[in-house]
Amino acid sequence: MHAKRHSIFPFLVFSFLTFQVHAQDNKEPKPNAGPKYKLDNPSSILKLDVDSSVTTKHSVTIKGTPITYTATAGTMPIWDEDGKPIAGVFYTYYERDNVKDRDSRPLVISFNGGPGTPSLWMEIGYTGPRMLKIDDEGYPVQPYGLQDNPNSILDVADIVYLDPVNTGYSRKTDKETPNTKFYGVNEDIAYLADWINTFVTRKNRWASPKFLIGESYGTTRASGLALALQQREWMFLNGVVLVSPTELGIDRNGPLAAALRLPYFSATAWYHKKLPTDLQNQDLNTFLPSVEKYAIDELLPAIAKGNSISPDERSKIVANFSRYSGLDTSVISGNNLDVSPDVYWKELLKKEGYTIGRLDSRYKGIDKQSYGTSPDYNAELESWANSFTPAMNIYLRNELNYKTDIKYNIFGSVWPWNNKNNNVAENLRLAMAENPNLHLLVQSGYYDGACDYFNAKYSMWQLDPRGMLKSRMQWEGYRSGHMLYLRKEDRETSTENLRKFIQSSLNLGKSVKY
């Protein structure tokens with residue numbers, strides 16, 4: 001499909017920042033080594049001590065059980081081939097206190113996507129012990145701030161959230177280090193695998209069952225890391241969780257891409273009450289299977305026929321496409337049965353004067369002109385930036401006591417990004433084949449138009465074409481968008497499913513073999 005699916009967020013161009021960290025140093029492996037930055041010469045930039053952290057104590061009640069935990073916020077280095085630190089990766093690490101057997105306690109390694117965005121979305125929106133203030137549907141609530149997350153998975157696993165270079169507080173150490181060390185599918189996987197090795201070693205977690213959870217482009221990371229950790233770091237995982245996955249490097253251009261969009265269109269039209277009465281009166285999960293079957297069995301062959309399709313067949317296809325999508329037949333016919341997501345977001349509510357969101361099509365926007373081929377902006381992304389940015393800055397400074405003058409990059413520039421040799425689906429397949437104890441969970445939102453749910457299903461079909469891994473793969477759909485966890489009902493269900501997935505993937509005391 002089009003490249004936009006790999007570039008989930010727009011990124012802000014920034015100048016290289018000079019900054020000074022005020023966080024208390026808790027450096028590993030040696031104690032405080034002095035100033036956080038040093039000035040090599042009067043014209044140089046200030047350089048970050050990439051190996052410092054601050055630790056705080058907290059408590060939270062999760063599913064009715066009071067839990068105390070230790071939070072560590074800080075940076076750990078990335079080294080070049082000569083052992084020189086070339087970047088500092090910021091992380092926050094949550095360990096439940098009073099755990100007698102840390103070796104058998106799972107460790108969840110979490111990151112988001114972009115590829116230029118940090119892990120705040122899942123940290124304070126999904127699995128962490130604190131979460132931003134939003135209403136039950138996920139919309140911002142003022143005054144901005146945080147609240148306890150009674151659905152955090154900290155009760156069953158310790159969690160580390162990491163921010164790739166130039167996201168959050170993560171930065172290169174100097175201007176001379178080329179961006180090509182970090183900005184690319186395989187470059188990203190390589191240095192993060194090294195960093196995870198350092199983290200696991202320093203925190204003494206080699207014996208712990210380990211899980212990766214990535215969202216959006218983070219699913220590309222997680223899929224590639226599953227194999228990189230096995231083959232380069234000799235670190236074997238118990239599970240990988242893909243939240244709102246990308247295409248994972250699986251080709252689907254042409255008629256296939258066009259046909260795979262229809263089920264997402266149908267789900268969105270159902271939400272906005274744009275379907276015919278007989279469909280609208282059905283439950284979402286009741287009628288979507290018939291749309292999925294139609295997309296593969298009838299729409300795909302019709303689009304593939306191009307101008308060889310008969311007028312009668314074309315008319316029937318256009319009518320059914322309209323019935324399932326909520327679009328006018330003229331839009332479908334005028335786009336030769338290949339309606340782009342941009343056109344859909346612009347057209348569905350045009351008569352009411354609104355556009356709909358890309359990452360979450362429940363959200364509405366207002367364009368300058370009602371006509372056009374795409375919305376002026378992403379309504380959902382503006383809402384999320386509105387609520388997450390203040391909450392994360394408040395949280396890091398006031399609760400985790402990490403004080404710095406550097407800007408927390410919600411969207412950091414990581415361009416140009418090297419997308420060559422993106423074979424992460426095959427990486428994940430091979431990792432699962434090599435490791436009989438590696439399990440996969442995929443979670444999708446029905447109203448996500450950037451990484452839509454039916455494309456996620458298609459990826460799973462192609463990931464394991466023989467069907468030999470199906471018993472270790474599962475997919476779940478939620479009535480939300482890209483950040484499926486923002487809606488309270490879905491957050492409660494999805495976090496409980498994460499617990500079940502983690503616990504069912506432990507295999508403690510059993511032989512790992514086929």
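This is a predicted model: local features need pLDDT of at least 70, side-chain atom pairs count only at pLDDT 80 or more; totals for chains, interfaces and linings use all residues.
Residues are numbered from 1 along each chain as its sequence is written, and side-chain values use heavy atoms, with hydrogens and water left out.

Now stay with β5, which covers residues 85–96. It's mostly covered, with nine of its twelve residues buried; "buried" means under 20% relative accessible area, "exposed" means over 50%, and "partly exposed" is in between, using a 1.4 Å probe and protein chains only. Strand β4 (residues 65–79) joins β5 through eleven bridges, and the two run antiparallel. One spot to look at is Gly74, which stands opposite Tyr91 in β5. These two strands form a hairpin with five residues between them, and Gly83 takes a positive phi there, near 85°.

β5 also pairs with β9, again antiparallel, over five bridges. You can find this pairing at Tyr93, whose bridge partner in β9 is Val160. Strand β9 itself runs from residue 158 to 163, and six of its six residues are buried. Asp158, Val160 and Leu162 point one way, Ile159, Tyr161 and Asp163 point the other way, and all are buried. β9 has a pairing with β6 (residues 107–111) too, this one parallel and made of four bridges. There, Ser110 has Tyr161 as its bridge partner.

Next, a loop. Phe182 sits between β10 (171–172) and α2 (185–202). Is Phe182 buried or exposed? It's buried, because its relative accessible area is 1%. Phe182 and Pro164 are 18 residues apart in sequence, and their C-alpha atoms are 8.5 Å apart in space.

Glu352 lies between α10 (341–347) and β13 (355–356). With a relative accessible area of 39%, Glu352 is partly exposed.

On to the helices. Helix α3 takes up residues 217–232, 16 residues in total, and reaches 22 Å from its first C-alpha to its last, close to the 22 Å expected at 1.5 Å a residue. That expected span is 1.5 Å times one less than the number of residues. Even so, α3 bends by about 30° at Leu225, where the bend is the angle between axes fitted to the seven residues ending at a residue and the seven starting there. Most of α3 is covered, with 14 of its 16 residues buried. After the helix comes Trp234, whose phi is positive, near 60°.

Helix α7 (residues 284–305) has 22 residues, so it should span 32 Å at 1.5 Å a residue, and its end C-alpha atoms are 30 Å apart, which agrees. α7 has a kink of about 40°, centred on Ala295. Ala295 is also one of the helix's buried residues, which include Phe287, Glu292 and Tyr294.

A search of the whole structure finds five cavities of 30 Å³ or more. A cavity is a set of points on a 1 Å grid over the protein atoms alone where a 1.4 Å probe fits but cannot get out, and lining residues have an atom within 4 Å of a point. Grid points are joined across faces, edges and corners, and the volume is the space filled by probe spheres set on the points. The largest cavity has a volume of about 50 Å³. Which residues line the largest cavity? They are Val108, Ile153, Phe211, Leu212, Ile213, Val241, Leu498 and Ile502. β11 (210–215) and α14 (488–504) each supply at least two residues of this lining, and the largest share, three residues, comes from β11. By class, the lining has eight nonpolar, no polar and no charged residues. Nonpolar covers Ala, Val, Leu, Ile, Met, Phe, Trp, Tyr, Cys and Pro, charged covers Asp, Glu, Lys and Arg, and the others, Gly among them, count as polar.

Notes
Two strands pair if DSSP finds at least two bridges between them. On a 1 Å grid over the protein atoms alone, a cavity is a set of points where a 1.4 Å probe fits but cannot get out, and a pocket is an open set with protein on both sides within 12 Å along at least five of seven lines; lining residues have an atom within 4 Å of a point.
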